[in-house]
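Good morning, colleagues. Please turn to the sequence and the structure that I am about to show; I shall comment on them in turn.

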Amino acid sequence: SPQSNGMAEAFVRTLKRDYVRVNPTPDARTVIAQLPRWLNH
């Protein structure tokens, strides 16, 4: 639904803004490895 899509997009934007852009992320494998820690935070 459009509402669910909006919530998912907002979540991804927040994750990128608060974690991906401020942590060293040389490749996708590094990001995937760090995801559990970021989500727990």
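Predicted model: local features only at pLDDT ≥ 70, side-chain atom pairs only at ≥ 80, totals over all residues.

Tyr19 and Trp38 are both buried. Buried residues account for 10% of the 41 residues in the chain.

How many aromatic pairs are there? The count is one aromatic pair. The ring centres of Tyr19 and Trp38 are 5.7 Å apart and the ring planes meet at 25 degrees, so this pair is classed as stacked; the cut-off for that class is under 30 degrees. As to location, Tyr19 sits in the loop between H1 and helix H2 (28-40), while Trp38 belongs to helix H2. The pair therefore ties together parts that lie 19 residues apart in sequence.

Let me place this in the overall fold. The secondary structure consists of two helices and zero strands. The C-alpha trace of the chain spans about 35 × 20 × 15 Å along its principal axes.

I turn now to the surface. The chain exposes about 3600 Å², of which carbon and sulfur atoms supply 58%. Which residues form a nonpolar patch on the surface? They are Phe11, Val12 and Leu39, with about 290 Å² of accessible area together. Of these, Phe11 is found in helix H1, which covers residues 2-18. Is Phe11 buried, exposed or partly exposed? Phe11 has a relative accessibility of 47% and therefore counts as partly exposed, since exposed would require over 50%.

To close, I would draw your attention again to two features: the stacked pair of Tyr19 and Trp38, and the nonpolar surface patch of Phe11, Val12 and Leu39. Thank you.

Definitions and conventions
Residues numbered from 1 in each chain as written. Heavy atoms only, no water. Patch = residues over 30% accessible without salt bridge, like charges linked within 9 Å, V, L, I, M, F, W, Y side chains within 5 Å. Areas by Shrake-Rupley, 256 points an atom, 1.4 Å probe, with all protein chains shown as cover. Salt bridge = Lys/Arg side-chain N within 4 Å of Asp/Glu carboxyl O. Helix = DSSP H or I, 4+ residues; strand = E, 2+ residues; numbered from the N terminus. Buried < 20%, exposed > 50% of the residue type's maximum accessible area, 1.4 Å probe, protein only. Phe/Tyr/Trp six-rings, centres within 6.5 Å; stacked < 30°, edge-to-face > 60°.
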